[in-house]
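Grab the viewer and work through these exercises one at a time. Each has a task, then a solution in steps.

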Amino acid sequence: APFLLEKGIRRIDKMIVSNNDSDHYQGFTDLLADGRFTVGTLYHSEPFAGADFPAALSNAVNAAITAGRLGGKVELTTATSPTLDFGAGVTAELFKAAIVAPGTADSRNANSNVIKLTFNRISFLFTGDSDNRSLTNIMTHKGTALQSTVLKVPHHASANLPTAAVSGAFADMVKPKLAVVSVGGTSFGLPDPETLKVYSDRSIRLLRTNQRGNISVKTNGVSYSVSTSLTDSATTAAGSVSDVHVYPNPVKGGSGTVAYTLDGKADSVKVRIHTLSGDLARELDGTGASGSNFVAWDGNNQEGRSAASGLYWVTVEARSGNSSATERSRFAVIRQ
């Protein structure tokens, strides 16, 4: 509630419950009971009247409908996996991965809803508590449709639900530029080091809420920026640019991503890719949000042709008012 009220949001069009574990729905029961908010439709993952549906959420839903604060509810099944169109090029695809009967062992994990939110070229994949069964099932049925810019790591980076092997196969199919682990602390051994290694082995940038607090990603549909409520030791002095790098490195064939960190907001950012001799190969407009920022490089030069294979340096210049700060990547980028 405090986050939504700070943003001036009192109307929630779509409320999607990823699964029926309390750490996934409990905040919704509070919102449904809060007279300051109204909700259009609630989407949930298992039969509303079933024995495995949590009473706390069921009671909150019924009370909100009676009070006129909730328009209705929809159970997501393999037969009802709608695409929600929010207009202006923003859609949400609700991939239902249910493969076990409600009430059986770990059914809430296996029946987690997987949600892909897309705005133009940038997409986000939310996986709830998906385990081996649900991830294997959804990879089989959705395949490359799962590819997304940002991935919410399944099941808080659990050790065996899913296993590291399945997590690796899933990461290879999603191909995220950024992975986010939602985890409150170290309860239950989360996040698991072997699962975290899945992402580091693939050079996928990873952020954790137990280290960075609330993580917000903002996009214009072409590039995106990341801000966090906490900073880590890598953050440098005020007004500086740091941690400039390109991944994957080497960039092979297709596009790469330039990542950098701003300590404080910038009015404008220029990302420049140079040859080793210092010639400008490409200039891109970056985002100026405080925290981590990411800009896609399509592998082309300033003339729109494919950049020649070789070594390149990347510089990021952030301007704010009459001052500017510049940082160069510490390692050369190889274009193959």
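**Exercise 1.** Which residues in α2 meet which residues in α3?

*Solution.* First, some ground rules: this is a predicted model, where local features need pLDDT of at least 70, side-chain atom pairs count only at pLDDT 80 or more, and totals for chains, interfaces and linings use all residues. Residues are numbered from 1 along each chain as its sequence is written, and side-chain values use heavy atoms, with hydrogens and water left out.

Step 1: find the two helices, α2 at residues 22-33 and α3 at residues 55-67. Helices (H or I, at least four residues) and strands (E, at least two) are DSSP runs, numbered from the N terminus.

Step 2: list the contacts, meaning heavy atoms within 4.5 Å. From α2 come Y25, T29 and L32, and they meet A56, L57, A60, V61 and A64 of α3.

Step 3: sort them by class. The contact of α2 with α3 has seven nonpolar residues, one polar and no charged. Here Ala, Val, Leu, Ile, Met, Phe, Trp, Tyr, Cys and Pro count as nonpolar, Asp, Glu, Lys and Arg as charged, and the others, Gly among them, as polar.

Step 4: look at the geometry. The axes of α2 and α3 come within 9 Å and cross at roughly 25°, which makes α2 roughly parallel to α3. Axes are lines fitted to C-alpha atoms, for helices over the stretch in contact, and angles run from 0 to 180 degrees between N-to-C directions. Angles under 35 degrees count as roughly parallel, over 145 as roughly antiparallel, 65 to 115 as roughly perpendicular and the rest as oblique. The crossing of α2 and α3 is left-handed; that is, the near helix is turned anticlockwise from the far one by less than a right angle, with clockwise being right-handed.

**Exercise 2.** Is L57 buried or exposed?

*Solution.* Step 1: check the area. L57 has a relative accessible area of 0%, so it is buried. Buried means under 20% relative accessible area, exposed over 50%, and partly exposed in between (1.4 Å probe, protein chains only).

Step 1: see what surrounds it. Leaving aside neighbours within four places in sequence, L57 is in contact with V17, N20, Y25, T29 and L32. The C-alpha atoms of L57 and Y25 are separated by 7.1 Å, although the two residues are 32 apart along the chain.

**Exercise 3.** At what angle do helix α5 and helix α6 pack?

*Solution.* Step 1: take α5 (residues 132-142) and α6 (residues 164-174); they pack at about 30°, with their axes 10 Å apart. That makes α5 roughly parallel to α6, and the crossing is left-handed.

Step 1: go through the contact. N132, L135, T136, I138 and M139 in α5 meet V166, A169, F170 and M173 in α6. By class, that gives seven nonpolar, two polar and no charged residues.

Step 2: pick out the buried residues of α5, which are S134, L135, N137, I138 and M139.

**Exercise 4.** What is the strand order in the open sheet of five strands?

*Solution.* Step 1: trace the order, which is β11-β12-β17-β14-β13, with antiparallel pairing. Two strands pair if DSSP finds at least two bridges between them.

Step 1: check the edges. β11 (215-219) and β13 each have a single partner strand, so one side of each is left without a neighbour in the sheet. The twist averages 15° from one strand to the next.

Step 2: follow the bridges. β13 is joined to β14 (residues 256-262) by five bridges, with V241 opposite L262. Seven bridges join β14 to β17 (residues 291-297), and G256 stands opposite W297.

Step 3: Five of its seven residues are buried, so β13 is largely enclosed by the rest of the structure.

**Exercise 5.** Where are P248 and P250 found, and what kind of peptide bond joins Y247 and P248?

*Solution.* Step 1: P248 is in the loop between β13 and β14, and P250 is in that loop too.

Step 1: read omega. The Y247 and P248 bond is cis, with omega about -5°; a cis bond also joins N249 and P250, with omega about 15°.
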